[in-house]
Amino acid sequence: MNLFRIPLFIVCGLLTLTASNAQISAGTPPGIVVNHIGKEPGRYIGSPSLCVLPDGAYIASHDEFGPRSSEYRSAQTLVFESKDKGATWTKIAQIDGQFWSNLFFHHGALYLMGTNKHHGNLIIRQSRDGGRSWTTPYLKSNGLILEGEYHTAPMPMVIHNGRIWRAVEYATASTSDWGKRYSAMMVSAPVDTDLLQADSWRKTNFLPFDSTYLNGNFRAWLEGNAVVDPHGNMVDILRVDIPAGTSEQAAIVQISKDGTTASFDPETGFVPFPGGSKKFTIRYDAKSKKYWTLTNVLSPENKDRHPAGVRNRLALCHSKDLRKWTVGPIILEHPDVEKHGFQYIDWLFEGDDIIFLSRTAYEDAEGGANNNHDANFLTFHRIPDFRKTAGKK
């Protein structure tokens, strides 16, 4: 039986399957496997992040979550390196006390920014040797930015108006319910300051959950993106959770130029967004003058499902204004929704290509993923000449 439709993309001389209707053997997910964890240990692959160093090395990271992980105490993050454009990968570090984190390179150093555990302190680490060793953030002078309960994912850093920006969510509320506890906010620091110093960072107010949004269909906002809009303003664009059968949305929160104030108008701040109920990353491409993202879009047969739970179809999407999005080609797809997913994509432009990591749930020799959410693979992919690929839909 043909399961996949396929164009074939060349990745470092290897064939990478990128869509549907081709036979794929069990235990061989699309792309290049960076890491695999079988479901038996009760630990799953989360939070992919990708960075390219000035010497051309690729650095990848992911954390571990699940019932046998230490995510609620002191989470574990693994770091990998590729010196051959993603064809092969080597584990170079394991960090104790790092979760929901993104890699980025800034002023001669590699950084990793996230929390220390599930709903933990907001922290940042620095590496001066390509990710092999890392600073320990236990004081406000060495990487402990904010104490309390915070939520995030591997979200992009953006430099704008002399500051480096990152979206995050404050996770302390009168309820412990998922979604309802998340408030939108942004942190930023001057680009030339010491990013390990808590005093370098400025935070906005936080905007709490409001059950009246979207005519009562608003269930959460989370995993915000720092993005500069077409008018030169900093905004926080967040994933929005909604009920089954409801059109997917994103929320655009306005951030003041000085980085102190976040504001939101529910009448104009919600925009239709394909795949907006799952984590997405938005980046701007000056050559095409468009914003780009890779999102988990719904197929027609899954339109009545709860959209946050459908992660088996990944599309390349673009927009000129952040408000009207075009769904381009399907990059990865599997017909099964329950135990297959290509999700939490972290991606970068590399010349005319897009390179990306996927938290992939897929069959393996141990019976496959626990479900589509509890991923058992970290996989690497490349979209050659993405602008032309988007035009071939």
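**Salt bridges in close-up**

**View 1. A network of salt bridges links K85, E350, D353 and R382.** A salt bridge here is a side-chain nitrogen of Lys or Arg within 4 Å of a carboxyl oxygen of Asp or Glu. The structure holds 17 salt bridges. This is a predicted model, where local features need pLDDT of at least 70, side-chain atom pairs count only at pLDDT 80 or more, and totals for chains, interfaces and linings use all residues. Residues are numbered from 1 along each chain as its sequence is written, and side-chain values use heavy atoms, with hydrogens and water left out.

**View 2. R239 pairs with E223 in a salt bridge.** Their closest N and O atoms are 2.8 Å apart. R239 sits in strand β17 (residues 234-241) and E223 in strand β16 (residues 220-228). The two residues are 16 residues apart, and the pair links distant parts of the chain. Strands are DSSP runs (E, at least two residues), numbered from the N terminus. Both R239 and E223 are buried. Buried means under 20% relative accessible area, exposed over 50%, and partly exposed in between (1.4 Å probe, protein chains only).

**View 3. R283 forms a salt bridge with D346.** The closest N and O atoms lie 3.7 Å apart. R283 belongs to strand β21 (residues 282-285) and D346 to strand β25 (residues 341-350), so the pair ties together parts that are 63 residues apart in sequence. Both R283 and D346 are buried.

**View 4. The side chains of K140 and E147 meet in a salt bridge.** The N to O distance is 3.9 Å. K140 counts as partly exposed, at 42% relative accessibility. E147 counts as exposed, at 51%.

Notes: Helix = DSSP H or I, 4+ residues; strand = E, 2+ residues; numbered from the N terminus.
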